[in-house]
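The sequence and the model are shown first.

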Amino acid sequence: MPALALLQAAMDGRKLPGSKRRFTVPCMPPNNLTAQAFDRGYGLKNTILITGGTGFIGSHAVVELMQAGFNVVVLDNLCNSDVGVIERLATICGHAPQFVQGDVRDSALLDKVFDLYRITAVMHFAGLKSVGESWQQAAPV
Ligand SMILES: NC(=O)c1ccc[n+]([C@@H]2O[C@H](COP(=O)([O-])OP(=O)(O)OC[C@H]3O[C@@H](n4cnc5c(N)ncnc54)[C@H](O)[C@@H]3O)[C@@H](O)[C@H]2O)c1
């Protein structure tokens, strides 16, 4: 299924093909680029990078993708979220996504992430703009 169709399905709340809801024991993720992350992540196919993956929309996309069997790498600087989200994702999905704490504007870090993981698609949710705020403070036209 193409990434955009996946995203649309995830945002519509539809169940993706092969998606299973599993609730098992939480596990702690690595919070940095570690050898363990390398072993688990490198070489796996269909690895999706979710920027802002601990945020509101990103975390929902992570759940849908993981439950559909994708490997997920989350990149988030936690400026508007909490690392505890990774634990909750592990509880919902049965295992934690790979988690890299960092800024999406850090090009050296992005190079490292793309070297380390075989990323096949990126879903970019790392943003600061709040939709509610945009409605309340819309610029006059
Ligand atoms: N929530 C909505 O209804 C909605 C609707 C349409 C579009 N959007 C857009 O989607 C994006 C995500 O929305 P959300 O509601 O999930 O917001 P959110 O604040 O819950 O999530 C954004 C995530 O991105 C992270 N982040 C922010 N800047 C970062 C950076 N420079 N590097 C790494 N991580 C960074 C934050 O820590 C947070 O976890 C926003 O751009 C928003 O405008 C949201």
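## Ligand shell

Helix H3 (residues 56-67) is the greatest contributor to the shell around the ligand, supplying three residues. Helices (H or I, at least four residues) and strands (E, at least two) are DSSP runs, numbered from the N terminus. The model is predicted: local features need pLDDT of at least 70, side-chain atom pairs count only at pLDDT 80 or more, and totals for chains, interfaces and linings use all residues. Residues are numbered from 1 along each chain as its sequence is written.

The ligand is surrounded by 22 residues, of which Gly52, Gly55, Ser81, Ala126 and Gly127 are the closest. Here a residue is near a molecule if its C-beta atom, placed from the backbone, lies within 6 Å of it. By class, the shell around the ligand holds nine nonpolar, nine polar and four charged residues. Ala, Val, Leu, Ile, Met, Phe, Trp, Tyr, Cys and Pro count as nonpolar, Asp, Glu, Lys and Arg as charged, and the others, Gly among them, as polar.

## Overall architecture

The protein chain contains six helices and four strands, in the order α-α-β-α-β-α-β-α-β-α from the N terminus. Of its 141 residues, 31% are buried. A residue is buried if 20 or more other C-beta atoms lie within 10 Å of its own, exposed if 12 or fewer, and partly exposed in between, with C-beta atoms placed from the backbone.

Among contacts between residues at least 6 apart in sequence, 79% join residues at least 24 apart. Two residues are in contact if their C-beta atoms, placed from the backbone, lie within 7 Å.

## Packing of H3 and H4

H3 packs with helix H4 (residues 84-93) at an angle of about 30°, the axes lying 10 Å apart. H3 is therefore roughly parallel to H4, a term for angles under 35 degrees. Axes are lines fitted to C-alpha atoms, for helices over the stretch in contact, and angles run from 0 to 180 degrees between N-to-C directions.

Ser59, Val62, Val63, Met66 and Gln67 of H3 make the contact with Val85, Leu89, Ile92 and Cys93 of H4. By class, this contact comprises seven nonpolar, two polar and no charged residues.

## Val122 in strand S4

Val122 lies in strand S4 (residues 119-124). Val122 is partly exposed, because 15 other C-beta atoms lie within 10 Å. Leaving aside residues up to four places away in sequence, Val122 touches Leu49 and Thr51. Val122 and Thr51 are 71 residues apart in sequence, yet 7.6 Å apart in space, C-alpha to C-alpha.

Key
Angles under 35 degrees count as roughly parallel, over 145 as roughly antiparallel, 65 to 115 as roughly perpendicular and the rest as oblique.
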